[in-house]
Amino acid sequence: MSHAAPAVITVDVEDWYHVCGITEVGSRQAHDRVQYATGLLLQLLKNCGVTATFFMLGEVMDRYPDLAPAIVDNGHELASHGWSHQLVTGLGPQRFQEELEQTAALMLAQTGVRPYGFRAPRWSLSRTETPWAFEQLSALGYSYDSSLTPLALIGDPDGPRSPHRIDTAFGPLWELPPLVTPTWFGNLPAGGGWGFRFFPYWLISRTMQQYATAGWPAVLFVHPRELDPQGPRLPLGLLREFVTYGTRSSSADRLNRLMQRFSFTTMGVLVASWQSAS
Ligand SMILES: [Zn+2]
């Protein structure tokens with residue numbers, strides 16, 4: 001057997017109302033669930049002895065100053081999810097850079113660690129539309145990004161499924177795409193979100209095994225709200241509500257099963273091993 005690559009659980013630490021395109025927040029803040037739901041996830045990871053990569057939103061760290069330190073205390077890696085959860089395509093280069101710096105500064109102040117990885121809200125980086133973003137990340141000392149998904153509509157369906165190096169003027173940036181299941185009619189979003197909750201367990205498990213055998217990390221992604229199925233929801237209409245929140249069942253059982261079966265590490269640990277090998 002070839003060297004089986006460990007998988008990675010990534011967490012986008014945001015609240016139930018951080019849905020792209022929704023800007024008016026108002027009284028929803030009174031019903032914040034992110035701290036509670038992140039606590040459920042930390043307990044689940046601890047029970048399985050798994051460390052994960054947490055993409056932190058500046059806005060959430062600002063409101064809950066105990067959250068990032070609790071994640072670090074549990075041995076996990078912190079990375080950046082920007083400040084405001086607006087699409088990078090809409091922010092433009094200057095505000096993108098400001099958000100990166102603001103989020104990193106707050107993380108450093110709260111925890112003493114700075115982020116080396118980034119994930120854009122709703123996979124909103126693109127080699128053609130936001131080429132400047134990769135340059136900026138590299139210039140600011142980031143070593144990896146996980147914002148390019150090989151899916152139709154929200155990413156590039158012809159993009160690579162494996163981790164790959166993006167060369168910038170400031171050095172290389174590693175790109176780690178989320179897990180997808182290839183089929184003859186295109187890639188399925190099996191690595192997170194509604195697909196992770198909806199597709200049969202065997203499909204996800206089998207795809208993870210294929211990635212491991214190929215030597216690629218199977219990158220899963222989860223939101224705290226998916227561990228909190230009784231939490232509040234935005235009225236988004238039937239289809240979008242399903243995509244965002246799914247059925248009223250938790251992702252916990254499925255994650256738990258996968259954590260028993262596969263070995264996991266963090267993105268930071270993987271990228272450091274690639275850097276020292278190259
Ligand atoms: Zn997000």
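How many nonpolar, polar and charged residues does the lining of the second largest cavity have? In this predicted model, the lining of that cavity has 5 nonpolar, 3 polar and 1 charged residues. The cavity is one of 2 cavities of 30 Å³ or more found in a search of the whole structure, and about 40 Å³ of space lies within it. Its lining consists of His81, Gly82, Gln86, Val88, Leu91, Phe96, Glu99, Phe118 and Pro121. Helix H4, spanning residues 88–111, supplies the largest share of this lining, with 4 residues.

The zinc ion is coordinated at 2.1 Å by His81 through NE2, by His85 through NE2 and by Glu14 through OE. Along the chain, the donors of the zinc ion follow the spacing E-x66-H-x3-H. Glu14 and His85 link distant parts of the chain, lying 71 residues apart. Glu14 is located in the loop between strand S1 (7–13) and helix H1 (34–48), whereas His85 is located in the loop between strand S3 (77–80) and H4. The threshold applied to the two residues is a relative accessible area under 20%.

Open space was also examined. The second largest pocket has a volume of about 470 Å³. It is lined by 20 residues, of which Leu125, Ser126, Ile154, Gly155 and Asp156 are the closest to its centre. By class, 8 residues of the pocket lining are nonpolar, 8 are polar and 4 are charged.

Helix H10, which comprises residues 267–277, contains the buried residues Met267, Leu270, Val271 and Trp274. These four residues lie on the same side of H10, because they cover an arc of only 95° around the axis. The exposed residues Val269 and Ser276 are carried on the face of H10 turned away from its buried side.

How values were computed
Residues numbered from 1 in each chain as written. Predicted model: local features only at pLDDT ≥ 70, side-chain atom pairs only at ≥ 80, totals over all residues. Heavy atoms only, no water. Buried < 20%, exposed > 50% of the residue type's maximum accessible area, 1.4 Å probe, protein only. Helix = DSSP H or I, 4+ residues; strand = E, 2+ residues; numbered from the N terminus. Arc of directions from axis to C-beta. 1 Å grid on protein atoms, 1.4 Å probe; cavity = no way out; pocket = protein on both sides within 12 Å on 5 of 7 lines; lining within 4 Å. Points joined across faces, edges and corners; volume = space filled by probe spheres on them. Nonpolar A, V, L, I, M, F, W, Y, C, P; charged D, E, K, R; others polar. Donors = N, O, S within 2.8 Å, 3.2 Å for Na, K, Ca; no water.
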